[in-house]
Amino acid sequence: MIGAAAFIGFFAVAFLAFAVFVDPRKLWWQFRAPHFEHPEAHEPSTASFTVRRVVMVVLAIYLGWQAVGLLRLAGVFETRPDHAEILDRLESAVGVIETDKNDGRYKVSGREGSWGDFINPLLEGPGDDPYASLVSESGDVERYEVDGICLTVTATPLPGQSETAHAVGTLMYSVKTDVVDSPCT
């Protein structure tokens with residue numbers, strides 16, 4: 001993909017150079033005028049030459065934009081946060097969902113599900129956002145891996161909740177987290 005971007009980028013530079021450094025009037029007189037008996041009568045207008053230059057510049061900009069797009073797809077311009085920043089974001093995110101640090105309970109509306117849906121939006125920041133991938137799930141414990149950092153979430157339903165809360169899926173949980181700066185095992 002980088003080769004294709006370089007190929008397109010080469011044409012973008014060539015079109016731009018042609019539009020800026022080559023005089024289209026001189027080109028016309030050198031290559032087209034000899035075919036006419038009275039070339040002055042057939043010479044294109046100044047506006048015609050100007051439009052050709054503008055079209056070449058626009059084409060060069062478009063091709064340059066496409067080349068940059070291909071380089072982005074190839075990952076050349078990735079702006080990924082470093083490991084320490086990801087660790088800070090993860091510790092901040094778990095501070096939001098851990099029940100010891102808020103009102104002592106956490107409510108999941110509409111379903112019992114993965115805590116990754118709560119964690120991933122909290123990891124957003126400048127640059128490409130890290131993603132918490134579910135590695136394992138066992139009962140009330142879920143393990144996530146984020147850039148080589150293991151996050152364990154233990155979510156235990158609080159006692160004394162009604163059957164309706166179980167049926168509707170609006171259970172309240174006690175949430176404990178553990179962040180370890182190494183991959184999950």
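1. In strand E4, Thr152 is the bridge partner of Arg143. The model is a predicted one, and this bridge belongs to the pairing of E3 with E4, which is antiparallel and extends over 6 bridges. Where the hairpin of E3 and E4 turns, with 2 residues between the strands, Asp147 adopts a positive phi near 50°.

2. On its other pairing, strand E3 (residues 141-146) is joined to strand E2 (residues 133-138) by 5 bridges, and these two strands also run antiparallel. Ser133 is the residue that stands opposite Glu145 in E3. The hairpin of E2 and E3 likewise has 2 residues between the strands, and here Gly139 is the residue with a positive phi, near 65°.

3. The faces of E3 deserve a separate remark. In a regular strand, side chains alternate between the two faces of the sheet. Strand E3 has a covered face made of Glu142, Tyr144 and Val146, while Val141, Arg143 and Glu145 make up the uncovered one.

4. How many disulfides does the structure hold? There is 1, formed by Cys150 and Cys184 with their sulfur atoms 2.2 Å apart. The torsion about the S-S bond of this pair is about 100°, so the disulfide is right-handed. It links distant parts of the chain, since Cys150 lies in strand E4 (residues 149-157) and Cys184 in the segment after strand E5 (172-180), 34 residues apart.

5. A search of the whole structure for aromatic pairs returns 5 of them. Among them is the pair of Phe10 and Phe11, which is edge-to-face, with 5.5 Å from centre to centre and 75° between the planes. The rings of Phe11 and Phe15 form another pair, with centres 6.3 Å apart and planes at 40°, so that this pair is tilted. Phe7, Phe10, Phe11 and Phe15 together form one aromatic cluster.

6. Phe11 and Phe15 both lie in helix H1, where they are 4 residues apart, about one turn of the helix. An α-helix has 3.6 residues a turn, so residues three or four places apart point the same way.

7. The length of helix H4 (residues 46-73) can be checked against expectation: at 1.5 Å a residue its 28 residues should span 40 Å, and the end C-alpha atoms are 41 Å apart, which agrees. Which residues of H4 are buried? They are Phe49, Met56, Ala60, Leu63 and Ala67, and what covers them includes helix H1 (2-21) and helix H2 (24-32). After H4 comes Gly75, whose phi is positive, near 85°.

Note on methods. Residues are numbered from 1 along each chain as its sequence is written. This is a predicted model: local features need pLDDT of at least 70, side-chain atom pairs count only at pLDDT 80 or more; totals for chains, interfaces and linings use all residues. Side-chain values use heavy atoms; hydrogens and water are left out. The expected span of a helix is 1.5 Å times one less than its number of residues. Buried means under 20% relative accessible area, exposed over 50%, partly exposed in between (1.4 Å probe, protein chains only). Contact means heavy atoms within 4.5 Å. Rings of Phe, Tyr and Trp (its six-membered ring) pair if their centres lie within 6.5 Å; planes under 30 degrees apart count as stacked, over 60 as edge-to-face and the rest as tilted. A disulfide is a pair of cysteine sulfur atoms within 2.5 Å. Two strands pair if DSSP finds at least two bridges between them.
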